[in-house]
Amino acid sequence: MYKIFIDDKPFILANSDFRDISLPTFDFDRQMLEEKINEVFSQKFEGVVFKCNDIDSAFELFSAYFQVIEAAGGLVFNTKNELLLIERLGVWDLPKGKIDKGETPEIAAIREVEEECGINGLTIEKSLASSYHVYYFKSKYVLKRTYWYKMNSTFKGQLVPQMEENITKVEWRDFKETDIDTLNTYQSIKEILKGFWAI
């Protein structure tokens, strides 16, 4: 399944057995796909599900409508099992950033966490599900895929937000005591956090 968030609304490409009665559901059709892509930027769009025989091919068709950017980031835990969060433009987020040319997602994820949070002593424990969201950037709509990793850190120093990236706060948060539903963050980030919580 691919769940792409557009203005926090889900655009889902799924197998035929997927069920979500809260969203309008269609059998995959290229013409209908284009119609719904055009509709997502209107006020009336609340989300959609396409049931696909071949979800990877359907995702390729979807991706062709956008410039695709790849990024990487981490769910970082310290020795107290606290989660590292950043606040950017008044919204809580996980540290992440664009993969540079020649970088692997793993290297990019560690570099971005270090740069955005002023941290070191990071190790990757395992890869997690990727997230997808569409946003408007430099006069075009961009589809961003973010590779996520569960990381551990032995860092004991002061966290330093990367102000030039509009990050104003970096803090450790007790993950078990964090109410993900009420956290002021994006739906794509809530999905990643809830998915990890369920592991």
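Mentor: In what follows, contact means that heavy atoms lie within 4.5 Å. The model discussed here is predicted.

Trainee: Which residues of H3 are buried?
Mentor: H3 covers residues 105-117, and a residue is buried when its relative accessible area is under 20%. The residues of H3 that are buried are Ala-108, Ala-109, Arg-111, Glu-112, Val-113, Glu-116 and Cys-117.

Trainee: Which elements are included in what covers the buried residues of H3?
Mentor: One of the buried residues of H3 is Val-113. The cover over the buried residues includes strand S5 (67-77), strand S6 (82-88), S8, strand S9 (122-127), S11 and strand S12 (167-174).

Trainee: What span is expected for H3 at 1.5 Å a residue?
Mentor: H3 has 13 residues. The expected span is 1.5 Å times one less than the number of residues. The reach of H3 from its first C-alpha to its last is 18 Å, which is close to the expected 18 Å.

Trainee: Which residue follows H3 with a positive phi?
Mentor: H3 ends at residue 117. The residue after the helix has a phi near 65°, and this residue is Gly-118.

Trainee: How many residues apart are Lys-3 and Glu-191?
Mentor: The whole structure holds 13 salt bridges, and one of them pairs the side chains of Lys-3 and Glu-191 at 3.3 Å, N to O. This pair links distant parts of the chain, since Lys-3 is in strand S1 (residues 2-6) and Glu-191 in helix H4 (residues 187-197), and the separation is 188 residues.

Trainee: How many residues apart in sequence are the parts that Glu-46 and Lys-9 tie together?
Mentor: Glu-46 and Lys-9 form a salt bridge whose closest N and O atoms are 3.8 Å apart. Glu-46 lies in the loop between helix H1 (30-39) and strand S4 (48-51), while Lys-9 lies in strand S2 (residues 9-14), so the parts tied together are apart by 37 residues.

Trainee: Which element gives the largest share of the lining of the largest pocket?
Mentor: The largest pocket has a volume of about 800 Å³. Its lining holds 29 residues, and Arg-88, Lys-96, His-133, Tyr-135 and Lys-144 lie nearest its centre. The lining divides into twelve nonpolar, six polar and eleven charged residues. The largest share, six residues, comes from S10.

Trainee: Which element gives the most to the lining of the second largest pocket?
Mentor: The second largest pocket, with a volume of about 290 Å³, is lined by 15 residues, and Glu-191 is among those that lie nearest its centre. S1, S10 and H4 each supply at least two residues of this lining. The most, five residues, comes from H4.

Notes: Residues are numbered from 1 along each chain as its sequence is written. This is a predicted model: local features need pLDDT of at least 70, side-chain atom pairs count only at pLDDT 80 or more; totals for chains, interfaces and linings use all residues. Side-chain values use heavy atoms; hydrogens and water are left out. A salt bridge is a side-chain nitrogen of Lys or Arg within 4 Å of a carboxyl oxygen of Asp or Glu. Helices (H or I, at least four residues) and strands (E, at least two) are DSSP runs, numbered from the N terminus. On a 1 Å grid over the protein atoms alone, a cavity is a set of points where a 1.4 Å probe fits but cannot get out, and a pocket is an open set with protein on both sides within 12 Å along at least five of seven lines; lining residues have an atom within 4 Å of a point. Grid points are joined across faces, edges and corners, and a volume is the space filled by probe spheres set on the points. Ala, Val, Leu, Ile, Met, Phe, Trp, Tyr, Cys and Pro count as nonpolar, Asp, Glu, Lys and Arg as charged, and the others, Gly among them, as polar. Buried means under 20% relative accessible area, exposed over 50%, partly exposed in between (1.4 Å probe, protein chains only).
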